[in-house]
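This report looks at how two chains meet. The sequence and structure come first.

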Amino acid sequence: MSACAGRGATVADRVFALIDCNAFYCSCERVFRPDLARVPIVVLSNNDGCVVSRTSEAKALGIKMGEPWFQIRKAFEAAGGMAFSSNYALYGDMSERVMTVIEGLVPALEVYSIDEAFAELTGVLGDLDALGREIRAQVLACTGIPTGVGIGPSKTLAKLANYAAKRWQKQTGGVVDIRDPERRAKLLAATPVGEVWGVGRRLTARLGELNIKTAADLAAADAWTLRKQFSVVLEKTARELRGIPCLELDGEAPPKQEICCSRMFGKRLHELPPIREAVATYAARASEKLRAQGSVCKRVRVSIRTGMFNPDEPKFARGVMCELPYPSDDTRLITHAALAGLEQIYRPGFAFSKAEVLLLDLCQRGEYTDDLFAPTQPEASRQVMAVLDAVNAKWGRGTLRPGVVPPAPGWGMKREMMSRSYTTDVDALWSVGG
Amino acid sequence: MASVSILGPVATGGAEIPYFLPSVPAGFPSPAQDHIEQRISLDELFGLHRPQIYLARVGGDSLQGLGILDGDLVLIDKAAKARRGDVVIACVNGEPLLKIMGGDQHQVILLSANPKYAPRYVLEAEDFQVWGVYVGLCRQGRHCG
């Protein structure tokens with residue numbers, strides 16, 4: 001028998017943390033509006049459609065996630081509530097500040113979304129509960145954004161601990177550490193399986209049929225059965241719940257396989273010209289995203305549709321795939337293809353509400369093998385696009401744009417309740433009485 | 001009597017001037033060439049890259065005695081601990097004000113630096129918080145930007 005099998009002789013136990021901002025969009029709105037500290041707030045999706053973020057005060061008024069604004073508006077405003085259009089310039093800047101603060105306090109960070117990040121704390125000495133509290137305090141001091149911190153031996157468990165920290169904010173002070181097996185078992189047994197990271201509504205129903213109702217049930221389920229009946233992903237989730245880390249911290253997100261730009265128009269459009277403007281705008285934006293990740297695409301899919309809910313309006317939805325002559329990231333070529341596609345699918349007599357431009361068949365520039373006889377994107381094209389991106393980076397998005405893209409479109413998004421971009425535009429800074 | 005010779009207008013705009021401008025005598029390498037490191041960055045100087053630093057625009061002349069004028073941009077450190085005597089953004093009942101924080105541990109008094117304005121006593125029932133501490137000033141001159 002070997003001598004080194006004793007306790008503590010194994011590899012260091014892995015430790016992960018999930019840091020998550022509370023009602024992030026609403027919290028951002030509050031940073032520069034101290035008068036709203038206790039006012040119920042909701043932030044609305046693009047076009048002021050439905051609720052995408054709400055404070056606990058709004059929750060207490062019975063406002064649910066995803067509720068259409070027009071349905072709740074009257075009652076919410078009567079109760080003293082305040083709504084904002086999505087102000088992504090502000091949220092993006094505040095997110096960067098939050099992540100910068102956390103980055104300075106942990107050994108490794110994976111920014112998972114605009115308002116949450118995984119940290120790896122493996123090997124960190126000292127009291128991790130205190131570290132969690134330090135992270136919360138520092139983020140709050142530097143940005144005014146409240147957060148919750150979950151700590152556990154795998155990413156899935158860290159996420160679950162975070163759920164508990166949020167759920168029992170008062171009792172926990174916003175930090176929950178479930179490395180201790182006893183605490184973990186208690187939390188797993190008390191958590192519905194639908195709250196586990198990666199288990200969606202459909203999976204919850206299917207798992208229910210197998211009598212897997214809580215996180216503890218999933219952790220205890222047979223791994224092989226899960227893999228056979230569901231997927232290897234769910235098998236990993238179950239292992240993670242048992243405290244066996246299967247997911248590592250991701251550094252950079254891998255380049256996307258598809259790029260989509262799709263938006264509702266601010267009002268219904270009937271004629272072709274404004275729809276052309278919208279499609280060209282979305283194509284230009286999608287091409288920018290394409291170049292930003294260093295990819296080229298071979299196909300462009302353009303689609304348009306009418307509103308789907310108004311029973312009195314005739315409905316219409318159609319899309320078409322357009323081939324490019326060669327893999328390209330040139331705004332001009334992609335826009336041209338998208339507009340040609342639009343000409344094919346447009347029919348007069350409908351009230352169109354949305355257009356979408358989807359770039360498909362992506363590969364990294366230089367990754368594909370050229371057909372010796374096939375045409376390829378000319379070098380001049382790359383140079384023109386480099387200038388376009390450089391100009392727009394320096395003087396703001398849309399400074400240089402295709403002629404068909406209008407500077408201030410009549411069909412633009414409805415954003416009637418937008419706050420100022422307090423931190424990113426010198427003309428819209430916060431003003432303080434002196 | 002001192003004499004003045006007029007050389008003509010100073011050229012404006014155009015070329016960026018590096019921190020060290022080497023003169024380059026023919027045939028002899030400039031000793032300054034190796035020392036050009038970077039241009040001065042106001043962002044760096046003011047610490048604008050730090051997550052706790054915010055810019056705000058001053059509206060009003062209550063701090064003109066300190067040289068903080070109406071329309072100035074002020075740099076605010078949100079994380080700094082405020083001490084008596086600091087200029088702070090104080091939020092009284094939700095309204096942000098740039099004032100000098102005075103008083104003692106029993107009583108907060110917000111002071112101005114302009115005889116036009118009386119001290120503002122913060123009452124116990126009022127909602128008061130310090131949003132951040134004033135740490136710097138930017139003022140744009142004519143023709144700037």
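## Salt bridge and polar contacts

A:Arg38 and B:Asp127 form a salt bridge, with their closest N and O atoms 3.6 Å apart. The term means a side-chain nitrogen of Lys or Arg within 4 Å of a carboxyl oxygen of Asp or Glu. By that rule, the interface of chain A and chain B holds one salt bridge.

Twelve residue pairs are in polar contact between chain A and chain B, both residues at pLDDT 80 or more. A polar contact is a pair of N or O atoms within 3.5 Å; within protein, one must be able to donate a hydrogen and the other to accept it, and residues adjacent in sequence count only if both atoms are side-chain atoms.

## Basis of the model

The model is predicted: local features need pLDDT of at least 70, side-chain atom pairs need 80 or more, and totals for chains, interfaces and linings use all residues. Residues are numbered from 1 along each chain as written, chains are lettered from A and ligands numbered from 1 in written order, and side-chain values use heavy atoms, without hydrogens or water.

## Extent of the interface

Chain A gives 21 residues to the contact and chain B gives 26 (heavy atoms within 4.5 Å). About 1,900 Å² is buried between them, 62% of it from carbon and sulfur atoms. Buried area is the accessible area (1.4 Å probe) that two parts lose on being put together, summed over both. In chain A, A:Trp430, A:Val432 and A:Gly434 lose the most area to chain B, together 32% of what that side buries.

## Strand pairing

β14(A) pairs with β1 of chain B (residues 53–59) in the parallel sense, over four bridges. Strands are DSSP runs (E, at least two residues), numbered from the N terminus. Two of them pair if DSSP finds at least two bridges between them. A:Val432 has B:Val58 in β1(B) as its bridge partner.
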